[in-house]
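Hi,

Here is the structure I said I'd pass on.

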Amino acid sequence: MVRSSRRLVRVPIAVLAAATVASGLAACGGSDDSGGGSGGGSDAGAANEASDVGVTEDTVTVGAHFPLTGVAAPGYSEIPTGTQAYFDYVNAAGGVNGRTIEYEYLDDAYNPTNTSQVTNQLVLDDEIFAMLGGLGTPTHSAVIDFLNDEGVPDLFVSSGSLLWDDAEEHPTTFGWQPDYEIEGKIIGQYIKENFPDAKVGLFLQDDDFGENGEKGIREYVDDQVVSAQRYTPGNTDVGPQIAALKAAGADFVAGFNVPSYTALSQLTALQLGYDPQWFYSNVGSDPALVGSLLNNFSKGKVTDAALLDGALTTEYLPSVDQPDNPWTQLFQKVWDASGQEGQLTNYRIYGMAEAYTFVQALQAAGQNPTREGIVDAVEQAGADFEGPALAPFRYSADKHAGVGGMLVSQITGTSSEEKTPVLTTDNGDAEITEYDGEPSTPPSSGIPDVEPVE
Amino acid sequence: MSDLQNAGQTIAQPPAGNPATAAAPASTSSRKGRIPLPQSTLLRHLLAVVLCAVAAVVLLESTDPFRNSQLATLTYYAIAAGGLTVLTGLNGQISLGHGALMAVGAYTTGLFLSADEPLPLPVVFLAAIVVTALVGAVVGAAASRLHGPYLAGATLALAVGLPGLALKFKGTLGGEQGLRVRAPRAPEWFGDAIKTLTGNPATATKWLAYVGAIALLVTYFLLANLIRSRIGRTWRAVRDNDVAAELAGIRLGSWRVLAFVVSAACAGLGGAVLAIVVRLAAPSAFTLVLSLALLTAIVLGGLGSLLGALIGSALLVFLPQVTTDLGSAAGLDGTEAAQLAPFVYGVVLVAAMIFAPAGIVGTIRLRWLAQRAKRAVARETGR
């Protein structure tokens, strides 16, 4: 209802440029809108209403920006297909409160200028209810102010930067995955306990990602770090960095880098005859993607991810190499039912898990969700959402950070072996503790059932 | 490219060079069936600017906020492309570094606006223009001795290297993540003016679109006058035959540098508008792809023509979105629809090279001139 003024803008009245005409049209707009919105207003509480932008009686529209073309597309472009598959699954079962979820994702090619354009399109033209899982730190930074200014819920950003957890400055923005700082802390503690004599080298992407991770690691093993090397995304020669790590005598290298740099660092180390214990943070460790990149970069000389064998990494979601995990089974079922091309991958699981959390948030926001309502709902109920993530979210009124824990595992072949239980912690000097909750299992329907808040 | 342009130009030149029509400007306006245009170039251009301003207001007020935002995007591309078309079309220098020059403008704007008490927007824009023009002068000085592919190579280095500075000076320039730009809010008088004028609410998007449109009109007005002035004629002389130009007493080097400076200043303003529209200046926004996109825009539109630069920029902004929408409407999923956009863009580029090698505006102008020549011949023989 409130939105009638928005529609008005489209009416080509400017040519006339007369205030009288405009006021006449304003009246038209009002009556037009009430015609669309009615249809059961009398028995409030029982009927669906078009309660906010992007919400109609039978649909909710959400949008996202992803790199579907360009250098960042391999892997990441699969995430929205997973999200789409899960929404299709929910819609086939009747949707949420009788509303089907319409999901629209656009390509930003990992370029912030494009992100700003496609976000304008999603918010102003397609009139989405909420942004869901927009990917990338530099890309999403470009639109976070805009989304907050417009009051668009900016849910579950697909990036582990600390930027998304700032309830004061950006009240509608929520992180989703564990942030890089707590990941660094968990890695740091693992090194301290299991490799107390190791000389640690750090291989870092030169932005928030590497910086937050380094901060976390150094909280535990600052005295063990012998060298910290940074690479600039886009520069494919990591020879100097790897050589410097070797020269510093590092026998344990922890990497906060993206998958293509996992492959590059492995190949470069192979050339230099350098064989430390590797630890890749979650982002850079997907064996399937790294394997195909290795094959690609080495022009077929290295055919799979065997180089990664024995490397350590972290996990916070079930993965495709755990076919017995009930969540993986659910996601496999959802993916098969969606009929989209390709196999289930860890990136698709990521997308489905985000979609799962969104469905929970939408349920918590009640029958007639509003933009403010869903933000409140995540703040109030988000910490209790049970889902595929191994540890709970840290949502509250003044904390918008995502999953608060992960476990350390070792890559063996295409599978992995858990080295620690799920460890939970928080930013700053919060302690790392073992997660004592039961591992969650999916509901038999595969669709969450969260009570509305209030 | 420059050969084609030369061809177009040589056809375009005869009326001016031909003694019979040397008094063309005076006679054309009085010819039967023509709209009488003011004889002074300045007046004519002013009239065009006023008409375009009215058109811009009508366009911005009759479209929804999303189209407003697309038009804002169009303005910064068009400003930079206008500068580039002067450099490439008029002076015959190829620059692959205009994306980097836009970065200079964008970062300057971002830094000035991050001050506690930011200067007024026009002052910030001027600062961005001056800083970029200075960078342009340095690059132009180095480039004034280079030609064709060598100049392309030198400016290519600029496009690749300059964004790296943002990573080097991470503290001030924000590194890979970029510098957040605080877009100034619309002043109250703007909201009031829009309300009384049209009754529409004035959104932030609309304000930015208006800022972009004003910057675009001012830039094109100045450029159009420059093109028609002695400076523009000298640039064309340098482009068409540098030996002849030198014999006529033109110092090639300094004229080339001047062209580069003017062009850089436009890129700087384009970058400044980009910064406030996108609200971010990040290195990943100013890659070589941006420089190539600008070059593509002016080639598609027609080298040396401001209208062509505008049309080319419009293609750059609207084509991907329209293609993606058509793709989704045809039942493709999001990923496939997104991949369709670069494909169609490529096809359009190839098609333009085959069927309209002088660009859209260039080809139409050629056709029109050929028609006119034919009619003139018919008149001559019929007399």
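Let's start with Asn111(A), which sits in the loop between strand S2 (100–107) and helix H5 (112–125) of chain A (helices are DSSP runs of H or I with at least four residues, strands are E runs of at least two, numbered from the N terminus). Bear in mind that this is a predicted model, where local features need pLDDT of at least 70 and side-chain atom pairs count only at 80 or more, while totals for chains, interfaces and linings use all residues. Residues are numbered from 1 along each chain as its sequence is written, chains are lettered from A and ligands numbered from 1 in the order written, and side-chain values use heavy atoms, without hydrogens and water.

Is Asn111(A) buried or exposed? Its relative accessibility is 16%, so Asn111(A) counts as buried (buried is under 20% relative accessible area, exposed over 50%, partly exposed in between, with a 1.4 Å probe and protein chains only). Beyond neighbours within four places in sequence, Asn111(A) is in contact with Thr139(A), Ser284(B) and Ala285(B) (contact means heavy atoms within 4.5 Å).

Helix H9 (residues 239–247) of chain A has buried residues too: Gly239(A), Gln241(A), Ile242(A) and Leu245(A). Their cover includes strand S6 (200–205), strand S7 (225–231) and helix H10 (259–272) of chain A. Just after H9(A), Gly249(A) has a positive phi of about 80 degrees.

Elsewhere, Glu57(A) is in the loop between helix H2 (19–37) and strand S1 (59–66) of chain A. With a relative accessible area of 32%, Glu57(A) is partly exposed.

Cheers
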